[in-house]
Amino acid sequence: MSGPVLARRGFLSGAAGLAVALTLAACGDGGTGTAAPAGGASPSDGAAPAARSWTFTDDRGKKLEQPKVPSRIVAQVGSAAALWDFGVRPIAVFGPHKLKDGSKDPQVGNVDISKVTGLGNVWDEFNVEQYIGLQPDLLVSSMYVKDTLWYVPEKSEETIEQVAPSVGVMLTGKSATEVIGTYEALAKSLGADMQGVPEAKARMEAATKELAAFGDLKILMVSGGADAFWIVNPPEYPDIVHLKNAGLTVVTPSKVDEGGFFQTLSWENADEYEADVILYDTRTQALKPEEMMKKPTFAKLPAVEAGQLYPWNAEAPYSYQGYAAFLEGLVANLKKAKPLT
């Protein structure tokens with residue numbers, strides 16, 4: 001689950017640079033965005049965050065305490081998408097949120113990118129100076145590796161951590177319901193209104209129950225790159241843990257690469273595992289189906305020839321809305337499939 005190191009940007013480093021930037025930020029307007037106050041009201045309502053202290057313990061075991069509820073929140077796109085669905089409105093995001101044509105990247109979910117500041121759109125890109133200028137109260141990001149915030153550049157981590165406290169939400173080894181529950185608890189602590197949440201939760205639960213009917217299908221979950229074909233390892237992904245808990249049969253690779261997230265195969269060995277259905281990674285960095293079809297071994301796979309190749313939203317927002325949509329789409333596709341092996 002690592003991204004390529006792309007364009008390098010000049011970041012502040014060290015306490016001296018940080019102090020200067022904070023001084024400049026204090027003299028300015030504090031940034032272009034505002035967050036919804038606690039209770040879910042928008043800034044235009046004239047409401048203010050509830051006058052109460054705030055505390056939250058994240059998945060690092062880190063207990064955060066502030067004299068008032070954070071309202072200026074910056075979040076990695078996956079975290080932003082989850083919080084947005086619960087009613088929390090971050091002022092800025094980092095990570096893949098905008099495609100080359102200017103439209104939204106699917107990973108950012110329902111976030112209105114015209115109303116948030118973008119601090120970086122690719123791996124290793126995080127505009128620290130702009131982040132400091134926003135005067136954030138809190139940074140939120142998921143974690144695939146304990147104590148490592150996703151998309152927060154290692155070289156800038158110390159400086160970023162000095163600006164505002166952070167919340168880390170662990171993904172690896174957990175089920176989607178556990179992760180969603182963590183974001184729900186965080187959103188409630190931030191005063192979110194939870195509008196539409198009960199209905200979305202009911203939809204997610206209904207779709208989850210339907211999955212049990214497809215337990216006879218052997219499902220392979222993959223991601224394609226220019227020179228590699230990756231077989232994902234179910235225990236490492238909350239969404240796949242959820243699918244398996246619901247009764248689906250998901251292929252587990254016989255061996256995995258260092259880190260445990262997947263097994264790397266050459267395209268010539270794309271037929272290593274039998275499958276009735278193949279779910280492919282739809283993220284922007286992964287090959288699209290028409291590109292994978294140009295690989296002869298892949299094109300000849302029984303599931304591909306049978307047309308049982310369906311999308312997998314590998315980073316669906318960890319909210320009831322996000323998972324209701326993901327699971328309902330999956331159920332609709334699996335209803336079209338049949339056993340082949």
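**Exercise 1. How many cavities of 30 Å³ or more does the structure hold?** Describe the lining of the largest cavity by residue class.

*Solution.* The model is a predicted one.

Step 1. A count of cavities of 30 Å³ or more gives 3.

Step 2. The largest cavity has a volume of about 70 Å³.

Step 3. Its lining includes Gln 76, Gly 78 and Ser 79, together with Ser 142, Tyr 144, Trp 150, Leu 171 and Tyr 183. Glu 315, Ala 316, Pro 317 and Tyr 318 also line this cavity.

Step 4. Sorted by class, the lining of the largest cavity comprises 7 nonpolar, 4 polar and 1 charged residues.

**Exercise 2. Determine how helices α5 and α7 are oriented to each other, and name residues that meet between them.**

*Solution.* Two packed helices are described by the angle and the distance between their axes.

Step 1. Helix α5 spans residues 176-189 and helix α7 spans residues 238-245. Their axes come within 7 Å and cross at roughly 125 degrees.

Step 2. From α5, Ala 176, Thr 177 and Val 179 take part, meeting Pro 238, Asp 239 and His 242 of α7. By class, this contact of α5 with α7 has 3 nonpolar, 2 polar and 1 charged residues.

**Exercise 3. Characterise the chain as a whole by its helices and strands, its buried share and its contacts.**

*Solution.* Step 1. The chain contains 11 helices and 13 strands.

Step 1. Of its 341 residues, 54% are buried.

Step 2. Among contacts between residues at least 6 apart in sequence, 73% join residues at least 24 apart.

Technical notes: Residues are numbered from 1 along each chain as its sequence is written. This is a predicted model: local features need pLDDT of at least 70, side-chain atom pairs count only at pLDDT 80 or more; totals for chains, interfaces and linings use all residues. Side-chain values use heavy atoms; hydrogens and water are left out. On a 1 Å grid over the protein atoms alone, a cavity is a set of points where a 1.4 Å probe fits but cannot get out, and a pocket is an open set with protein on both sides within 12 Å along at least five of seven lines; lining residues have an atom within 4 Å of a point. Grid points are joined across faces, edges and corners, and a volume is the space filled by probe spheres set on the points. Ala, Val, Leu, Ile, Met, Phe, Trp, Tyr, Cys and Pro count as nonpolar, Asp, Glu, Lys and Arg as charged, and the others, Gly among them, as polar. Axes are lines fitted to C-alpha atoms, for helices over the stretch in contact, and angles run from 0 to 180 degrees between N-to-C directions. Helices (H or I, at least four residues) and strands (E, at least two) are DSSP runs, numbered from the N terminus. Angles under 35 degrees count as roughly parallel, over 145 as roughly antiparallel, 65 to 115 as roughly perpendicular and the rest as oblique. Contact means heavy atoms within 4.5 Å. Buried means under 20% relative accessible area, exposed over 50%, partly exposed in between (1.4 Å probe, protein chains only).
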